[in-house]
Amino acid sequence: LIPANPSWRQPERGITVFIADNGIHTAIVMPKRTPYFDWRPFAPPDDLRDPRWGAADHIAVSYGQREFFLETPTWADARLDTGLRAAFGLGGALMHVEHVHAPQRESWQRPLRLTPDQYRRLTAAVAAGFRRRDGSVEPVPGRGYADNDAFYESTGGYSAILTCNEWTGAMLRIAGVRMGLWTPFPIGVMARLD
């Protein structure tokens, strides 16, 4: 309920990103390449089941608990023990990257315009979540939900305090966007974007 960056206002011009919400989990959708940041080294087409998706112009990046991401491809696969391990910070975290083309405003996806400086801060914070070895991201080989997505090792940890939605909120707070001080649920993120 208490906002960070309370004086923030969306600029009239800038870089448009989208915040997507599937009802439980949020993601940040960004242009794959701008003059301010190039996501292509973080999302190589060869990491996808169908590398043709590498031609998509945006990526959706989200954060989550490792086992939950890998063992719960659908909500029907959710298990209590996996959820409890996530809540108590056991099992580590992963970054999830989905390649998407021409995102639009939808009931579940809202546009958000940022100044170049705000976008630089956002991309730097999101990029810092990818664990890198010898300068390259570390994919989880052969894992993804569909032909257009992949998982990557993360530098962070997951818990009931640092949820996927709190990660999204934190990234937006770092960028300077008006956002709740703590956003453990999607509504805490999405409500500030209306």
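How many residues in the lining of the second largest pocket are nonpolar, how many polar and how many charged? The lining divides into six nonpolar, three polar and one charged. Keep in mind that this is a predicted model. The residues that line this pocket are Leu1, Gly180, Trp182, Thr183, Pro184, Phe185, Ile187, Gly188, Ala191 and Arg192. The space they line comes to about 190 Å³.

**Arginine 66 and its partners**

Let's move on to arginine 66, which sits in helix α1 (residues 66-71). With a relative accessible area of 26%, arginine 66 is partly exposed, because that value falls between the 20% and 50% cut-offs. Setting aside neighbours within four places in sequence, arginine 66 is in contact with Gly91, Gly92, Ala93, Leu94, Val140 and Glu153. Take alanine 93 from that list: the C-alpha atoms of arginine 66 and alanine 93 lie 4.6 Å apart, although 27 residues separate the two in sequence.

Glutamate 153 is another contact, and here the side chains meet in a salt bridge, 2.7 Å from N to O. This pair links distant parts of the chain, since arginine 66 belongs to helix α1 and glutamate 153 to strand β9 (residues 149-153), 87 residues apart. Glutamate 153 is buried, because its relative accessible area of 13% is under 20%.

**Salt bridges**

The whole structure has nine salt bridges. Here are three of them.

| Arginine | Glutamate | N to O distance |
|---|---|---|
| Arg66 | Glu153 | 2.7 Å |
| Arg131 | Glu138 | 3.0 Å |
| Arg173 | Glu166 | 2.4 Å |

In the Arg131 pair, arginine 131 is partly exposed at 34% relative accessibility, while glutamate 138 is buried, with a relative accessible area of 13%. Salt bridges that share partners also join Arg66, Arg131, Arg133, Glu138 and Glu153 into one network.

**Helix α4**

Those two residues, Glu166 and Arg173, are among the buried residues of α4. Eleven of the twelve residues of α4 are buried, so the helix is largely enclosed by the rest of the structure.

How far apart are the end C-alpha atoms of helix α4 (residues 164-175)? They are 17 Å apart, which agrees with the 16 Å that twelve residues should span at 1.5 Å a residue. After α4 comes glycine 176, and its phi is positive, near 105°.

Methods. Residues are numbered from 1 along each chain as its sequence is written. This is a predicted model: local features need pLDDT of at least 70, side-chain atom pairs count only at pLDDT 80 or more; totals for chains, interfaces and linings use all residues. Side-chain values use heavy atoms; hydrogens and water are left out. On a 1 Å grid over the protein atoms alone, a cavity is a set of points where a 1.4 Å probe fits but cannot get out, and a pocket is an open set with protein on both sides within 12 Å along at least five of seven lines; lining residues have an atom within 4 Å of a point. Grid points are joined across faces, edges and corners, and a volume is the space filled by probe spheres set on the points. Ala, Val, Leu, Ile, Met, Phe, Trp, Tyr, Cys and Pro count as nonpolar, Asp, Glu, Lys and Arg as charged, and the others, Gly among them, as polar. Helices (H or I, at least four residues) and strands (E, at least two) are DSSP runs, numbered from the N terminus. Buried means under 20% relative accessible area, exposed over 50%, partly exposed in between (1.4 Å probe, protein chains only). Contact means heavy atoms within 4.5 Å. The expected span of a helix is 1.5 Å times one less than its number of residues. A salt bridge is a side-chain nitrogen of Lys or Arg within 4 Å of a carboxyl oxygen of Asp or Glu.
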